[in-house]
Amino acid sequence: MLRTSLLALSAGLAAGAVQAQDLTPVTFGTNWLAQAEHGGFYQSVADGTYAECGLDVTVISGGPQVNNRALLLADRIQFHMGGDLLQAFNAAAEDIPVVAVAAVFQKHPQVILAHPGVADSWEDLKNLTLLIGDNGFSSYYQWMITAHGFTAEQRQPYTFNPAPFLADDQLGMQGYLSSEPYVVETTGGFTPNVFLIADAGFSSYATTIETMQATIDESPEVVECFVNGSILGWYNYLYGDNAAANAMILEANPDMTQDKIDFAINMMIERGIVDSGDTLELGIGAMTEEVVGGFYEDMVAAGVVEDGLDWQSTFTTAFVNQGLGMELRPAQ
């Protein structure tokens, strides 16, 4: 009996070793340090979802001194986390065949913060001086000027220090949904008004999955597995047991804490960052030509991107919009 059990165990270990050897190694580069906003990808590594369809996925963090997108262009990694569609449009302008194959964030998590009682609506923000960084000023703030009547004169550079905002209620401040609002709550002692620019019409997808057109052409099964695994990972991360994924995030980013992770998850769910709009019918990761084309037109109108780009080449819906994993969403 014991010998039979040992033989069975040995056979099982051998099969596992063969299976592990059969997995295709894939590297996914994020665009910042490990955080809850990357959670679905870590989830599918931790629970074996990627491995189930044949991939051995390694997630490598981005950061202030790391350019994982350059590694994608150099064919050093297979997938990259895009910030928003503007990066894809810029690649098209340079004839670089980068393609978004899924959009994890249906809403861009960029926000404007204001003091309660001073600016209680989006329109009230026009009465404030707004702290906006240079990147924001050259992108979404140009849209705010064109589409909503904000002015260049009311903007002051944001130095990523919330102290001026905390000290002056006549200031508004840019932020990331899961970051600056939490800093203000914990250090400023009050809950700020948080205005999501997506809710005001800034319709770009964010946290896209990017790959090269050559990868799609040569290894469509790898792309399909990675996209499907990521979709399932995000359902499981938001609505299931995410402890193992969070442990990976905490290990990868020593500055991250569980309370920050919890806040970010709550914000993503509460504000519909990942699962809202088209995903309710098409599933997480959804993309549509209407959204991409509409955003492109808005950015042309704002002078952010040039007219005449082949924006259709910047994305494909071949791997999304199939309703995968929707049964994992809790009943409303």
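Reply: **Helix 9 and the elements around it**

In helix 9 (residues 180-188), the buried residues are Glu180, Pro181, Tyr182 and Val184. Here buried means a relative accessible area under 20%, exposed means over 50%, and partly exposed lies in between, with a 1.4 Å probe and protein chains only. Helices (H or I, at least four residues) and strands (E, at least two) are DSSP runs, numbered from the N terminus. The model is predicted: local features need pLDDT of at least 70, side-chain atom pairs count only at pLDDT 80 or more, and totals for chains, interfaces and linings use all residues. Residues are numbered from 1 along each chain as its sequence is written, and side-chain values use heavy atoms, with hydrogens and water left out.

The cover over the buried residues of helix 9 includes strand 5, helix 8 (163-167), strand 8, strand 9 (193-196) and helix 13; contact means heavy atoms within 4.5 Å. Just after helix 9, Gly189 adopts a positive phi of about 80 degrees.

Strand 8 can be followed through one of its residues, Gln174. Gln174 has a relative accessible area of 8% and is therefore buried. Apart from neighbours within four places in sequence, Gln174 contacts Gln110, Val111, Ile112, Leu131, Ile132, Gly133, Tyr140, Tyr158, Phe160 and Glu180. Glu180, one of these partners, is among the buried residues of helix 9. The C-alpha atom of Gln174 is 6.1 Å from that of Leu131, although the two residues are 43 apart along the chain.

An α-helix has 3.6 residues a turn, so residues three or four places apart point the same way. Just after helix 7, Gly149 has a positive phi of about 85 degrees.

Helix 13 provides the link to a further set of helices. The axes of helix 11 (residues 220-239) and helix 13 (residues 258-270) come within 10 Å and cross at roughly 110 degrees, so helix 11 is roughly perpendicular to helix 13. Axes are lines fitted to C-alpha atoms, for helices over the stretch in contact, and angles run from 0 to 180 degrees between N-to-C directions. Angles under 35 degrees count as roughly parallel, over 145 as roughly antiparallel, 65 to 115 as roughly perpendicular and the rest as oblique. Trp234, Tyr237 and Leu238 of helix 11 meet Ile261, Ile265, Met268 and Ile269 of helix 13. The residues of this contact comprise seven nonpolar, no polar and no charged. Ala, Val, Leu, Ile, Met, Phe, Trp, Tyr, Cys and Pro count as nonpolar, Asp, Glu, Lys and Arg as charged, and the others, Gly among them, as polar.

Helix 11 also meets helix 2 (residues 39-46): their axes come within 7 Å and cross at roughly 105 degrees, and these two helices are therefore roughly perpendicular to each other. Gly39, Gly40, Phe41, Gln43 and Ser44 of helix 2 meet Phe226, Gly229, Ser230, Leu232, Gly233, Trp234, Asn236 and Tyr237 of helix 11. The contact of helix 2 with helix 11 divides into five nonpolar, eight polar and no charged residues.

Two further residues touch this region. Thr207, in strand 10 (residues 206-212), is buried, with a relative accessible area of 5%. The contacts of Thr207 beyond four places in sequence include Phe41, a residue of helix 2. Thr207 is not a glycine, yet its phi is positive, near 45 degrees. Leu324, in the segment after helix 15, counts as partly exposed at 30% relative accessibility. Not counting residues up to four places away in sequence, Leu324 touches Asn228, Ile231, Leu232 and Tyr235.
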